[in-house]
Amino acid sequence: MKKKKKIFQNDFEIIQLMNNIVSVEIVVNIGNTLFSLKSDDDEKLYFPFTLNEYKTNFKLAGNPFMHPWANRLEGEYLRIENTKHDFPKQLLHLLYRDGNNLPLHGLLLKSDKWKTVELNENENSCYHVAAFIFENEDFLSIFPFKHKIFMKHLLQGSELKVETTIINEDEKEMPLSFGFHPYFLKSQKNMRLKIPANDVIEVDNNMIPTGTSVDKSVKWNFNGDEISLENNAFDDGFQNLSFENDIAEFQLNNIKVQFDKNYPFAQIYAPSHPDKWYVCIEPMTAATNALNKNSCKTLKQGEKITASFSISLNT
């Protein structure tokens, strides 16, 4: 059984993808956010809100899309071709902020401008494609590059693949620094986490990378790439991921998360706070603040990139 469905609920456009193993729900007009991923009615994502609550609050949950920067920037500006581009003061209200009031996670977290362009199913899979045209004048005043984004959620068996394609339609070369922030439910204290990388990005007091890294064994007692979360917490970036057959494989108990090579960085967020029962395994095309360090991949006019990661549920 492969099924896809589009429904409207309180003005929210909800896409449902399902088969005999997994069911998926995406709310298109709140950031095209994946907000439910179930196996046998067992929810795997942290999303403790109604859609009305999520639309209007400043919390994050589900699988938010971080674009045009993932994680934080060092200030209210970008450096473009070695020139400082300050964000217009009248548009600073558009920024999501971290605890230090730094710009966080881009501009599209809860955007209502995504549009469904395809919803289909075949013998083996079902999928949904949504598009975002980045041409709003306010957004371009902050990130001055016209481009299009296509996001595909493809459900096949126990795997959900999220493919993001970006096409640069600007005359300028466009830097890439996007990613996702999936919140997986921490269903028990001693869940085991596998991180296929040794290099931990060192940061300053504002969580901005310093340009150096350390081996993960300096901070935690891993067994190979695995560690228990019972007495360990993370809010750390990893680089130089270990790819086998072009895939870097993370694991959280029976949840497998795989990055392709266009996601060479990962942020792991597993807080120890008693009210934060989640673990985030975040695929990123660039390190935190890379837009201001000239260390991003770029797209020339007319070029495109597709980056994908997948979530597999071992049932």
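Predicted model: local features only at pLDDT ≥ 70, side-chain atom pairs only at ≥ 80, totals over all residues.
A contact is counted where heavy atoms lie within 4.5 Å. By this criterion, among contacts in the protein chain that link residues at least 6 apart in sequence, 63% join residues at least 24 apart.

The overall dimensions were examined next. The C-alpha atoms of the protein chain occupy a box of roughly 55 × 45 × 40 Å along the principal axes. The radius of gyration of the protein chain is 19 Å, which agrees with a compact globule, because a globule of 315 residues would have a value near 20 Å.

Of the 315 residues in the protein chain, 54% are buried. Charged side chains in the protein chain number 35 positive and 42 negative, with the centres of the two sets 2 Å apart.

In soluble globular proteins, nonpolar side chains tend to be buried together. In the present model, the largest nonpolar core contains 75 residues, and the members that touch the most others are Phe-234, Phe-250 and Phe-259. Strand β26, spanning residues 304–313, contributes five residues, the largest share of this core.

Terms used:
Residues numbered from 1 in each chain as written. Heavy atoms only, no water. Rg over C-alpha atoms; globule rule 2.2 N^0.38 Å. Buried < 20%, exposed > 50% of the residue type's maximum accessible area, 1.4 Å probe, protein only. Lys, Arg positive; Asp, Glu negative; His and termini not counted. Charge placed at Lys NZ, Arg CZ, Asp CG, Glu CD. Core = buried A, V, L, I, M, F, W, Y, C linked by side-chain atoms within 4.5 Å. Helix = DSSP H or I, 4+ residues; strand = E, 2+ residues; numbered from the N terminus.
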